[in-house]
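User: I'm new to reading protein structures, and I'd like to learn how to pick out features. Could you walk me through this one?

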Amino acid sequence: MSTRIRSRESFFVRCRHALYRAFMQKRARLQHQLATMSLVETLEARIAPAKTLFVDFGDYFPTGGLDMTVLQLRNTIAGGGLEGPDLRGFQPGADPAWVDASNLHFAGLATNVTFDYNNDGAVNNLDYTAARADALSVVQRLYAPFNIVVEAVPKVTNTSSATYVTGIHDLLAASDLGSDYVLVSQVRGPLNKVGTWTSGISNGEDIGLNNTHTNTGIVFSEYMLTSNFGGLNMTRPNGPAGTGLGDNIAHEAGHDLGLEHI
């Protein structure tokens, strides 16, 4: 056999060996990939229940405002109440401390927006609607990363305070466990004393825990919307009223939703 023929055969042998090695390497990679894939379980499609944060600016309060007792606000959903903050023991000035039978009067946020918020040179309902929209927008942005649906409260039966409280109760009872309701309003108690000891209050039972309760909180608009709220003039045109209200709504709701702070 000539040297040329042997050389050609040797070339083909080397090619076959190279192709075989490449094939075996590729097969080994595929086998490794298949073995790895077999360890990964395909996830089923699931929809996690969303919690709802209802924000009540008092737009649909009964004529003259909303009235309830400290007990109605404090009592559990299962007990027919709103599972709100416990205001027992609050004592404005030298007046008697509030008890379960003490009456609370809520007036809508519009009652306290009596300044030119939108800076159009007039004080009217447009200032309220602008402040309300800005506050709600702030809350929605803050909770966008979470599975929390933020919405203004839909109209519930408001023929009387009793029917309105029942409407809140039914709305919460029908929502996913762990949802929240925040009343943004002026609040006054016995002897028409203003709740002015804090800008807001939550139920508190879910702080830092797993949000296993549906709760109600309050943001005291009369306390916040002043010319000197923590050094801020909340009543100036184009001022911080909307942002401040939104931050505080989100803050109190966060406690009810299991957060330490937001």
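User: Let's begin with one residue. Which residues does N112 touch, leaving out those up to four places away in sequence?

Analyst: A contact means heavy atoms within 4.5 Å. Leaving out residues up to four places away in sequence, N112 touches Q186, S221, E222 and L225. Before we go on, keep in mind that this is a predicted model, where local features need pLDDT of at least 70 and side-chain atom pairs count only at pLDDT 80 or more, while totals for chains, interfaces and linings use all residues. Residues are numbered from 1 along each chain as its sequence is written, and side-chain values use heavy atoms, with hydrogens and water left out.

User: Okay! Where does N112 sit in the chain?

Analyst: First, the general idea: helices (H or I, at least four residues) and strands (E, at least two) are DSSP runs, numbered from the N terminus. N112 is in the loop between β3 (103-108) and α3 (125-142).

User: Is N112 buried or exposed?

Analyst: We call a residue buried under 20% relative accessible area, exposed over 50%, and partly exposed in between (1.4 Å probe, protein chains only). N112 has 10% relative accessibility, so it counts as buried.

User: And which side chain has a polar contact with the side chain of N112?

Analyst: A polar contact is a pair of N or O atoms within 3.5 Å; within protein, one must be able to donate a hydrogen and the other to accept it, and residues adjacent in sequence count only if both atoms are side-chain atoms. Here the side chains of N112 and Q186 are joined by one of 3.1 Å. There's also a backbone case: a polar atom of the N112 side chain lies 3.4 Å from the backbone nitrogen of E222.

User: Now the strands. How many bridges join β1 to β5?

Analyst: Two strands pair if DSSP finds at least two bridges between them. β1 and β5 run parallel and are joined by four bridges, with D56 opposite L183 in β5. β3 pairs with β5 in the antiparallel sense, over four bridges, and F106 has V187 as its bridge partner in β5. Then there's strand β7 (residues 215-220), which pairs with β5 in the parallel sense over six bridges; V182 stands opposite G217 in β7.

User: Why is β5 described as largely enclosed by the rest of the structure?

Analyst: Because nine of the nine residues of β5 are buried.

User: What about ring pairs? How many aromatic pairs are there?

Analyst: Rings of Phe, Tyr and Trp (its six-membered ring) pair if their centres lie within 6.5 Å; planes under 30 degrees apart count as stacked, over 60 as edge-to-face and the rest as tilted. By that rule the count is five aromatic pairs. In one of them, F54 and Y181 have ring centres 6.3 Å apart and planes at 40°, so the pair is tilted. This pair links distant parts of the chain, with F54 in strand β1 (residues 51-56) and Y181 in strand β5 (residues 180-188), 127 residues apart. F54 is buried at a relative accessible area of 5%, and Y181 is buried at 0%. Y223 and F229 form an edge-to-face pair, because their centres are 5.9 Å apart and their planes are at 85°. Y223 is partly exposed at 29%, and F229 is partly exposed at 21%.

User: Last one: how many helices and strands does the protein chain have?

Analyst: The protein chain comes to six helices and seven strands. Of its 262 residues, 40% count as buried.
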